[in-house]
Amino acid sequence: MAKPTVASIEKRMAQFRRIGQTAFLAKYANGRAPHHFYVEKDGVDYPMKALWAASHRPRIMPARFQPKHAISGFDALGYDIANRSTISVERNAEILDSQAKEGERYQAEVVRIRRSAKIVARAKEHYGPICQACEFDFEDFYGEHGRDYIECHHVDPLSGREGKGDVTTIKDLAMLCSNCHRMVHRTKPCLTVDELKELIAA
Ligand SMILES: [Zn+2]
């Protein structure tokens with residue numbers, strides 16, 4: 001029987017975070033929650049005896065050893081033990097629910113659509129930087145910081161142009177605030193500005 005190592009413990013910790021405390025205890029400790037001892041790491045509390053038992057190769061049952069054996073084992077590997085009598089399953093669920101791994105980099109192939117800055121600038125001058133659906137005015141709301149800000153919506157989306165460039169005129173563009181712009185694109189095909197205005201009016 002192989003004793004727990006940092007690698008085997010980390011693997012079980014990952015499993016705990018994946019399946020949750022209830023399933024973990026059911027699998028490794030006959031469903032019994034700890035009375036006192038938890039291993040603390042990165043804001044998550046792991047049931048100490050169940051984790052120690054599960055990290056053996058092959059795993060053993062928690063009834064086979066005393067807490068002090070697990071405590072000295074975890075301690076030797078540099079883990080922090082917390083002695084709590086009342087830590088709850090809910091607290092762990094809360095922590096796990098409120099975190100997600102993000103920020104990994106990945107590569108993706110993208111096709112970019114050529115947009116014309118010139119026509120967008122013309123349209124802005126022509127229509128003014130006011131949302132045509134809800135009349136939001138960024139400068140009014142944000143002061144100097146919001147001056148001249150508006151988003152330019154292609155009434156007939158560029159993504160529908162199937163690879164060939166067509167001529168855009170200012171009639172093909174609408175000025176929308178960021179909220180309205182998102183809202184028209186929430187469906188495919190997107191809403192017309194008039195449809196969104198009807199929604200706002202309703
Ligand atoms: Zn708007």
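How many helices and strands make up the secondary structure of the protein? The protein has eight helices and five strands, where helices (H or I, at least four residues) and strands (E, at least two) are DSSP runs numbered from the N terminus. This is a predicted model, in which local features need pLDDT of at least 70 and side-chain atom pairs count only at pLDDT 80 or more, while totals for chains, interfaces and linings use all residues. Residues are numbered from 1 along each chain as its sequence is written. From the N terminus, the order of elements is α-β-β-α-α-β-α-α-α-β-β-α-α.

Strand β1 (residues 37–41) pairs with two strands, pairing being defined as at least two DSSP bridges between them. With β2 (residues 44–47), β1 forms four bridges in the antiparallel sense, and Y38 stands opposite P47 of β2. Two residues separate the strands of this hairpin, in which D42 adopts a positive phi near 45 degrees. Strand β3 (residues 80–83) is also antiparallel to β1 and is joined to it by four bridges; here E40 has D80 as its bridge partner.

Turning to the interior, 22% of the 202 residues are buried, that is, have 20 or more other C-beta atoms within 10 Å of their own, with C-beta atoms placed from the backbone.

Conventions
A residue is buried if 20 or more other C-beta atoms lie within 10 Å of its own, exposed if 12 or fewer, and partly exposed in between; C-beta atoms are placed from the backbone.
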